[in-house]
Amino acid sequence: MTEKLIVLGSTGSIGVQTLQVARRNNIRILALAAGRNVDVMEQQAREFLPKMVAMQNETAAQELKIRLADTDIKVYSGEQGVLETVHADADTVLNAIVGIAGLKATLETVRSGKILALANKESLVTGGELVKEALKQYGGTMLPVDSEHSAIFQSLQGVPEGALDRVLLTASGGPFFGKTKKELENVSVEQTLRHPNWSMGQKITVDSATLMNKGLEVIEAVHLFDLSPDRIDVVVQRESIIHSGVVLKDGGLMVQMGVPDMMLPIQYALTYPNRLPCSERLDLCAIGKLTFFEPDKETFPCLSICTKAITDGGLKPTAANGANEEAVALFLKGQIGFTAIARLVEGAVAQQSSGTAVSLESIFDADASARRYVRQHFSQEAV
Ligand code: NDP
Ligand code: MG
């Protein structure tokens with residue numbers, strides 16, 4: 001059980017909820033890091049009094065340093081500063097940075113010998129092989145925070161080795177469930193950000209609407225649970241009550257259910273293997289019924305693009321992720337339409353050659369080249 005914690009991405013949706021879990025369970029905060037939100041970081045620093053804080057944005061770090069001048073808290077800046085916080089004296093690092101920006105911190109955590117509680121799925125999508133190699137080399141522990149993967153991990157407790165047949169990855173279907181391709185052409189940013197069951201950061205909310213999030217999660221599951229992609233079944237569970245599970249060799253299906261709330265998966269990663277009071281109890285009779293559907297892969301192509309990318313392997317998943325990060329940013333700025341995201345991701349994955357050896361350098365090259373592809377082709381998609 002974690003007693004001393006470092007939170008990366010502390011100012012974001014998962015970061016803030018992680019600090020709520022820390023507050024409730026008297027977990028000490030040794031370091032905090034984030035991008036540029038000085039106001040929230042200052043508040044967090046004053047409440048939790050960590051030894052060090054870092055802002056990736058240099059200007060934000062300067063401002064924070066001035067604001068925290070009356071405290072003993074050390075302020076670091078830049079990407080290097082964020083990595084520095086991983087070395088504070090703690091047992092666990094919870095990485096809730098968004099995007100490939102979290103990859104180096106994930107690797108640094110594993111190398112530091114600390115437990116990695118991972119929300120930043122993009123680090124596994126882009127650098128899964130490297131993360132796993134490092135875990136082996138340093139004998140580290142990685143615990144999932146993503147709710148589906150936490151549910152799979154929880155369902156696997158007590159299951160003997162070799163008994164797992166398949167993984168069941170549930171999806172809510174997002175705000176545009178049931179819509180046709182034609183209807184998706186004109187959906188607005190505002191409609192896209194209105195998720196029916198979850199309140200999350202902007203990027204993952206868009207990813208949930210395109211089903212890219214589920215695609216990224218298939219890749220995340222491949223790495224976390226050492227499975228081939230064809231052993232992962234995606235099922236739409238509209239109410240987000242069944243958070244995911246496993247099908248065992250004897251046909252038994254073990255799932256984890258609960259209210260849609262990230263507090264439990266965050267807390268489980270921090271208190272594992274203990275289970276402490278957390279979320280409100282699920283009232284099954286009040287819910288009445290649960291509904292299941294096949295995902296509509298025709299209308300939401302990102303899921304299949306990701307499954308194919310991880311099946312082909314190499315740097316294809318990195319290209320899918322980089323193109324998606326770039327395309328989502330353009331969509332949020334109103335520069336491309338919703339359906340363009342999938343077309344740009346597909347194009348960028350196609351231009352990524354298979355067979356390049358995976359290294360940190362080649363991962364960042366593939367990421368840059370996928371982003372370049374999106375910037376060169378988005379004008380044809382402009383709204
Ligand atoms: P948010 O956008 O709400 O927060 C992102 C955090 O990352 C912020 O603290 C931001 O700082 C920080 N950040 C951004 N860029 C950098 C950088 N270069 N260096 C350091 N910090 C940086 O995202 P979410 O909390 O929603 O998601 C975080 C991660 O967790 C994602 O990978 C997401 O897929 C995953 N996840 C999220 C879930 C959710 O419910 N939200 C559920 C499951 C997984 P600042 O704002 O100060 O710039
Ligand atoms: Mg998830």
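Q: What does the chain average in pLDDT?
A: This is a predicted model, and the chain averages a pLDDT of 97, with 99% of the residues scoring at least 70.

Q: And where is confidence lowest, and where highest?
A: Confidence is lowest in helix H13, residues 284-287, where the mean is 96, and highest in strand E1, residues 4-8, at 99.

Q: OK, ligand 1 then: how many residues surround it, and which are the closest?
A: The shell around ligand 1 holds 24 residues, and the closest are Thr-11, Ser-13, Gly-35, Asn-37 and Glu-122. Helices H1 (13-24) and H6 each supply at least two residues of that shell, which by class has 10 nonpolar, 10 polar and 4 charged residues.

Q: Which backbone atoms lie 2.9 Å from an oxygen atom of ligand 1?
A: A backbone N or O atom of Ile-14 lies 2.9 Å from an oxygen atom of ligand 1, and that distance is also 2.9 Å for a backbone N or O atom of Gly-35 and for one of Arg-36.

Q: How much of the accessible area of ligand 1 does the protein cover?
A: On its own ligand 1 has 900 Å² of accessible area, of which the protein covers 86%.

Q: Switching topic, what volume does the second largest pocket have?
A: The volume of the second largest pocket is about 340 Å³, and 13 residues line this pocket, those closest to its centre being Met-142, Phe-153, Leu-224, Phe-225 and Asp-226.

Q: Which elements give two or more residues to that lining?
A: They are helix H6 (121-138), strand E7 (142-144) and helix H11 (212-225), with H11 giving the largest share, 3 residues.

Q: And the lining by class, how many nonpolar, polar and charged?
A: The lining of the second largest pocket has 8 nonpolar, 3 polar and 2 charged residues.

Technical notes:
Residues are numbered from 1 along each chain as its sequence is written. Chains are lettered from A and ligands numbered from 1 in the order in which they are written. This is a predicted model: local features need pLDDT of at least 70, side-chain atom pairs count only at pLDDT 80 or more; totals for chains, interfaces and linings use all residues. Side-chain values use heavy atoms; hydrogens and water are left out. pLDDT is the predictor's confidence in each residue, from 0 to 100. Helices (H or I, at least four residues) and strands (E, at least two) are DSSP runs, numbered from the N terminus. On a 1 Å grid over the protein atoms alone, a cavity is a set of points where a 1.4 Å probe fits but cannot get out, and a pocket is an open set with protein on both sides within 12 Å along at least five of seven lines; lining residues have an atom within 4 Å of a point. Grid points are joined across faces, edges and corners, and a volume is the space filled by probe spheres set on the points. Ala, Val, Leu, Ile, Met, Phe, Trp, Tyr, Cys and Pro count as nonpolar, Asp, Glu, Lys and Arg as charged, and the others, Gly among them, as polar. A residue is near a molecule or strand if one of its heavy atoms lies within 4 Å of it. A polar contact is a pair of N or O atoms within 3.5 Å; within protein, one must be able to donate a hydrogen and the other to accept it, and residues adjacent in sequence count only if both atoms are side-chain atoms. Accessible areas come from the Shrake-Rupley method with a 1.4 Å probe; for residues, only the protein chains shown count as cover.
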